[in-house]
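Hi,

Here is the structure I promised to pass on.

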Amino acid sequence: DADIPKPVLEVITRLRELGHPTYLVGGCVRDMVRKVHPKDFDVATSALPEEVQRAFRKVIPTGIQHGTVTVVTGGNHVEVTTFRSEGDYLDGRRPSSVSFERDIVKDLSRRDFTINAMAYNPLDRELVDPFGGQVDLAAKLIRCVGSALERFSEDGLRPLRAVRFAAVLGFTLDPETRDAIPATLAVFRKVALERVREELLKLLLSPRAETGLHLLADTGLMECFLPEVAHADAESVRLARAAVQAAPLDADLRVATLLADIDTATQAKELCLRLKFPNKSADLIGLLVEHAKLETRVDDADPALRRLLARVGLVNLPALLAVAKARVQARAPERLPAVEALASRLEALAAAKPPLSAKELALTGGDIMKTLGIGPSPKVGEATRYLVESVLDDPSLNTADALRALLTAWAARGP
Ligand code: ATP
Ligand code: MG
């Protein structure tokens, strides 16, 4: 209780003074019962959205059609949602209607899992737990509220949420809940892929990402939205899981590690775009997948490594090294020292800030035209590429004099 922020308590107190039953609900109650500090505090009340708006000076109608408003008190934002129940789900994605309710138990019964379906009134220290959430928390079980088959058929995202919570909390799936997943995959396939991505990222960033991925593969969920990963042989999937677990806690890095061994980098990028990753992430992940197999390059000479740096970009080098090390650690730990030595060489090469592109040449395009005695033409591009290749081979050539001498010799050689 000491954890509950004052503005949240003030909102609950005010609504209760006005006679509206009001509670903390969802994830924060689960976390308080587990004695973990909640991330955010959601308030649910019997008051209608208009009544909440009238009770406070400043209210933002954040999602008023679903009954959610944000109360602003002294610069703090508190989300308050009216108790509600949901009409039938017709499409596996969204309820056909939402009705406001006066009874907290009605609100709790629409929630996904027993551990997420508790409410707490901090003023009277009263816990409302109609579905055995405390017992399941103690037993470390994810169990649907009511019939798992029905709940998963209503909203196809719930099976993935079940696996995500299992990974985040280190819990197991209750058998009935687990068995309902393969039976309702057709509904899961209809879910908007950005909702899938959000749950996948939470799973990948959890302390038990490896277990979460195992459950995804085991229940058939992975096959639905990551077929490129799921189709690999069992051993490859196992190694990819272990690699993810070894990767730093960063969404793009963990996705790249998961995808590092699918057929092509283009496929990896397309997979990310399909899951509605921002373009920037999809590009980075594609690039990391393309170059992740660094153990194949341990014998490369410096010019080849500078070309690798040019392709990857100096800013992305730390990300590439992290993915490559995680991957090799899981797949071939005996090769880790060689990859680490290669990583040090790449870092040293990068630290020398070598010229990697036309921008960094000691001659400008104008200088090149003047030296060759020509105007703008495709030949300027050819000459520039020749100079870039030359300095990638030997960065000490990147002086105006040396590049002019190279150009003159190049032009004299003719086409
Ligand atoms: P986290 O700590 O990851 O935010 P959370 O429990 O707060 O966990 P949210 O996704 O923020 O999870 O959802 C808040 C609450 O809303 C849940 O605890 C659950 O009661 C309810 N909920 C969310 N999504 C669904 C859903 N798809 N079906 C039923 N209830 C849901
Ligand atoms: Mg939450």
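Let me start with a cysteine: Cys272 is buried, with a relative accessibility of 0% (buried means under 20% relative accessible area, exposed over 50%, partly exposed in between, using a 1.4 Å probe and protein chains only). Before going on, the ground rules: this is a predicted model, where local features need pLDDT of at least 70, side-chain atom pairs count only at pLDDT 80 or more, and totals for chains, interfaces and linings use all residues. Residues are numbered from 1 along each chain as its sequence is written, chains are lettered from A and ligands numbered from 1 in the order in which they are written, and side-chain values use heavy atoms, with hydrogens and water left out.

Taking a disulfide as a pair of cysteine sulfur atoms within 2.5 Å, the count is zero. Cys272 is in no disulfide, and the nearest cysteine sulfur, on Cys224, is 18 Å away.

Next, a helix pair. Helices (H or I, at least four residues) and strands (E, at least two) are DSSP runs, numbered from the N terminus. Helix 15 (residues 251-259) and helix 17 (residues 279-291) have axes that come within 9 Å and cross at roughly 45 degrees. Those axes are lines fitted to C-alpha atoms, for helices over the stretch in contact, with angles from 0 to 180 degrees between N-to-C directions. Helix 15 and helix 17 are therefore oblique to each other (under 35 degrees is roughly parallel, over 145 roughly antiparallel, 65 to 115 roughly perpendicular, and the rest oblique). On the helix 15 side, Asp252, Leu253, Val255, Ala256 and Leu259 meet Ser281, Leu284, Ile285, Leu288 and Val289 of helix 17, contact being heavy atoms within 4.5 Å.

Over in strand 10 (residues 141-142) you'll find Leu141, which is buried at 16% relative accessible area. Leu141 and Thr172 sit 31 residues apart in sequence, yet 5.2 Å apart in space, C-alpha to C-alpha. Leaving out residues up to four places away in sequence, Leu141 touches Ile115, Asp136, Phe171, Thr172, Leu173 and Asp174.

Finally, two lysines to check by eye. Lys276, not a glycine, has a positive phi of about 65 degrees; Lys276 is in the loop between helix 16 (265-274) and helix 17 and is partly exposed at 45%. Lys353 has a positive phi of about 45 degrees, again without being a glycine. Lys353 lies in the loop between helix 20 (336-351) and helix 21 (365-372) and is exposed, at 65%.

Cheers
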